[in-house]
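Student: I have just opened this model and would like to go through it step by step. Could we start with the strands?

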Amino acid sequence: MLEAIKVTEHLHWAEKDMAKKCVLSVMQKPVSSSQVYVDHWSSSVLKSPYSSSLVFPQKEEEKEGKMLKHSPYRQFKRAHRIVSTSTHRDVKSLALIGSGNQGYGEISQSQLFHYSWPGNSITIHGSPVGLSPRPGSQLNRASQPRVRLPQLAKGSRDGENSLKKLCILTAIKPSNVESEKAKFFKSDFRYNPQFEYSNPASPQVLEKHSKASDRFLTQAVRIMELALHKYGNYEKFEQATGGSLLTKGRIWAHVKKYMEKEGCVGEIVVHLTDDLLSRASMTVVNGRPTLTINISMAREQWLEGMLRHEIGTHYFRSINNSQQPWSSGAGRKKLGLKPVNPTEEGLASIHSVLFRRDPRLWRAALLYYTVHQAAHMSFSQLFHELARFVHDPGTRWDYCVRAKRGQTDTSQPGCFNKDQVYLDGILKILRHREKIDFQLLTALGKVSYEDVERLKGLAVMENVRIPHFLQDQARYAEQLQKIMAVNQLTDEELQALI
């Protein structure tokens, strides 16, 4: 059952497609792209105290450009310079603008790096604020390339199923979460929420994802009890291993630094939000890769792991998949490929804790356990049950909503079983870790580890993208062994289970 789940997490979906909003504007009136020159900025343009963190230093750009030029994995043109633009509610945007060697081409409205920033916005609206062409070397607009974000192939499995995934995960997100949360907390946690849905999922879909597994329940509980023994509760574990919550400015700095390491600056649209049940999600919106980060869960020591999960795993495997013979649903069917999950989410979850000082699998274990308990309990019962591992009522509420989403009357037992796929995938990959070629597993795209050997002879290997943390395979193998040891998992145990 778990293997058939489409798992791209996207519980937050903006009412409007922000990527289509014209952000280079004066009083909300769009400015033609021909009015904006994107290579050289007057020193008078950016006078915000934040401008130093919004514009890439020129020397860094030139250095990065040279490195990317010789990278064997480079596939797409990079966009480098960044300027803050107009607001939409509490969300401001960053336009990704081409580097100097691309001349004075047009800037596409799709080139947006959405980003929340405190304080007043900076509005850029053409030549009146100092955007002027470089003297003596204007080029014909028609001859200039546009800076483009990567377009994932429409025929890819991600492309074909993005609407389906969106429909399922949006359909099971309650529309009255906040009002029901208020009632629940006011009742001293005894009330069972009555969730409403704008476009509810069909009974058949809910039934398909309603069966919880107990296959790895013993391992899930043991992982959490080991962490409890060392840290006392989840909140102390979170603070000790995750560190402090990051400000929006520091989140941006970390994201930029990570993208530079992976050579993908300018390729991904990024949203910062606090309206997301998961820590982050990687989705495809209008063919453009889009990363949404939950700022309320972005911790200093965990953020890079999240970026390895979303970009280093989901994004790179999607890009690699788009050039393979099995990129379409028909291609997968013809070759008899196994479902991409639990491999996809298991691999991404391993990368979340890779290189941590204490790589405990607590979150994956807690998600697995919560779903199992939800299948046998009401919402209120589940909430009190989770107090065994999590003290904070707000955190427990989030875990309960994730497990109970899709239900209307949560006084009844029932679950949405998607969250069990993480631990399921982790343990299966760890079980076969010594036989898996992890670089090849990434290069082949959205495939199960079980299909790697038979597909490698059919694969297109030119321009594949391999994340930096997979370059040293010996070190990678050491980290997998550390994850096994810290969580007291043994090969004998996993071989007996799987």
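Student: In which sense do β6 and strand β8 pair?

Tutor: β6 and β8 (residues 288-294) pair in the parallel sense, over five bridges; two strands pair if DSSP finds at least two bridges between them. Strands (E, at least two residues) and helices (H or I, at least four) are DSSP runs, numbered from the N terminus. Please keep in mind that this is a predicted model, in which local features need pLDDT of at least 70 and side-chain atom pairs count only at pLDDT 80 or more, while totals for chains, interfaces and linings use all residues. Residues are numbered from 1 along each chain as its sequence is written, and side-chain values use heavy atoms, with hydrogens and water left out.

Student: And what is the bridge partner of T273 in β8?

Tutor: T273 has N294 as its bridge partner in β8.

Student: Why is β6 described as largely enclosed?

Tutor: Five of the five residues of β6 (residues 269-273) are buried, so the rest of the structure largely encloses this strand. Buried means under 20% relative accessible area, exposed over 50%, and partly exposed in between (1.4 Å probe, protein chains only).

Student: Which residues cover each face of β6?

Tutor: V269, H271 and T273 are buried on one side, and V270 and L272 are buried on the other. In a regular strand the side chains alternate between the two faces of the sheet.

Student: Then what about β7 and β8, parallel or antiparallel?

Tutor: β7 and β8 run antiparallel and are joined by six bridges. V284 stands opposite P289 in β8. Two residues lie between the strands of this hairpin, and N286 takes a positive phi near 55° there. Five of the six residues of β7 (residues 280-285) are buried, so β7 is also largely enclosed by the rest of the structure.

Student: Changing topic: how many residues are in the largest nonpolar core?

Tutor: The largest nonpolar core has 97 residues. Such a core is a set of buried Ala, Val, Leu, Ile, Met, Phe, Trp, Tyr and Cys residues joined through side-chain atoms within 4.5 Å. I268, L291, I311, W362, L430 and F438 touch the most other members. Helix α12 (residues 362-374) gives the most to this core, with nine residues. Another core, of five residues, lies apart from it and includes L169, A171, I172 and A201.

Student: What is L430 in contact with, beyond its neighbours within four places in sequence?

Tutor: L430 is in contact, that is, with heavy atoms within 4.5 Å, with I350, L480, I483, M484, L489 and L494.

Student: How many aromatic pairs are there?

Tutor: The structure holds 20 aromatic pairs. Rings of Phe, Tyr and Trp (its six-membered ring) pair if their centres lie within 6.5 Å; planes under 30 degrees apart count as stacked, over 60 as edge-to-face and the rest as tilted. One of the pairs is F216 with Y368: the ring centres are 6.3 Å apart and the planes stand at 55°, so this pair is tilted.

Student: Where do F216 and Y368 lie?

Tutor: F216 is in the loop between α5 (203-208) and α6 (217-231), whereas Y368 is in helix α12, so the pair ties together parts 152 residues apart in sequence. F216 is buried, at 0% relative accessible area, and Y368 is buried, also at 0%. F438 and Y476 form a tilted pair too, at 5.0 Å centre to centre and 55° between the planes. F438 belongs to helix α16 (residues 438-443) and Y476 to helix α18 (residues 473-486), 38 residues apart.

Student: Which residues form the aromatic cluster?

Tutor: F184, F185, F189, F195, F379, F383 and W397 form one aromatic cluster. R396 lies over the face of F383, at 4.3 Å from the ring centre; a charge sits over a ring if NZ of Lys or CZ of Arg is within 6 Å of the ring centre and within 35 degrees of the ring normal.
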